[in-house]
Amino acid sequence: MTHVFPILLTFIVATACATGVKAADWTNRTRGLLIGSLIGDALGGPFEFQPKDTWEKLPFPPKVWKPGERMTGEAIAALRSRVRLNPYGPLRPVPESYAHWLSNAAPGTITDDSRNKMVLLHCVERTLSEGRWPVSGEDFAREFVEWPRTAFLRARTDYKVISNEWLEEFRYSARWILGERDPRRALPPERMWNSLPTCCGQMMFPPLAAIYPGQADKAYLLAWNLGWVDNGFGRDMNATLVAALAMALTVEPDRKDPIQDWNRIA
């Protein structure tokens, strides 16, 4: 993701300065949004979809929060001492298309949640570098179709099969959006994921919040227009999340009254 960061950050900082946020502060907030989501993916990847009775036997299992527990200062300190990146070997040693692509993947290995962000940010970078804005659903669809031809994947031929498995569901819909109608290659987005409301955008679209700081309506519409990866209320939910993040990025935190911060964002 680092190769797309400079051009994106330049665009974001220019946009943010119009809101009164200092460029240095905005750079840190944007880095936190991007890098923090990568860390979260790497922390959770080894445990995703795994039953509790398997991971609770590990030397350092995740904490199970009980009803009524509160995130107090003491709890935050305890959480800080527990956080560690875990290897995939004990629970998920075999590569998976929607997760890790290496056998016995090392701690810090990302999953599809981060790869989807890379596709998104590559699309944003391409749109900006070509002097076109805003990015459209068609732009985003084209990126999914062309992703296997990126330099990274061309250099890693061992990833070809597992990458195609990861992209298959997206690419059927992407081709439809781009005008193809051959049912062997293209299908309507509405039938993705068995037509169930999904949360792909929840992990994919948070970086869009940094493009429209403090402008919930524009952030929402951008996420909605790119949100062909989700169905039903999932599409609205994910766009709403991006809108809330866009507001949160401009809030100066009130350490004495965090509830007030939440109210301002809502």
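Reader: Among contacts in the chain between residues at least 6 apart in sequence, what share joins residues at least 24 apart?

Author: A contact means heavy atoms within 4.5 Å, and here 58% of those contacts join residues at least 24 apart. This is a predicted model, in which local features need pLDDT of at least 70 and side-chain atom pairs count only at 80 or more, while totals for chains, interfaces and linings use all residues. Residues are numbered from 1 along each chain as its sequence is written, and side-chain values use heavy atoms, without hydrogens and water.

Reader: How many helices and strands does the chain have?

Author: Helices are DSSP runs of H or I with at least four residues, and strands are E runs of at least two, numbered from the N terminus; this chain has 12 helices and zero strands.

Reader: Why is α5 described as largely enclosed?

Author: Buried means under 20% relative accessible area with a 1.4 Å probe, counting protein chains only. In α5, 14 of the 18 residues are buried, so the rest of the structure largely encloses this helix. Helix α5 covers residues 112–129, and after α5 comes G131, with a positive phi near 75°.

Reader: Which residues lie nearest the centre of the largest pocket?

Author: Rolling a probe the size of a water molecule over the atoms shows where empty space is left. Of the 20 residues lining the largest pocket, W101, R115, M118, W147 and F152 lie nearest its centre. Two or more lining residues come from each of α5, α6 (137–146) and α7 (151–155), and α5 gives the largest share, four residues. A pocket is an open set of points on a 1 Å grid, where a 1.4 Å probe fits, with protein on both sides within 12 Å along at least five of seven lines, and lining residues have an atom within 4 Å of a point.

How values were computed. The expected span of a helix is 1.5 Å times one less than its number of residues. Buried means under 20% relative accessible area, exposed over 50%, partly exposed in between (1.4 Å probe, protein chains only).
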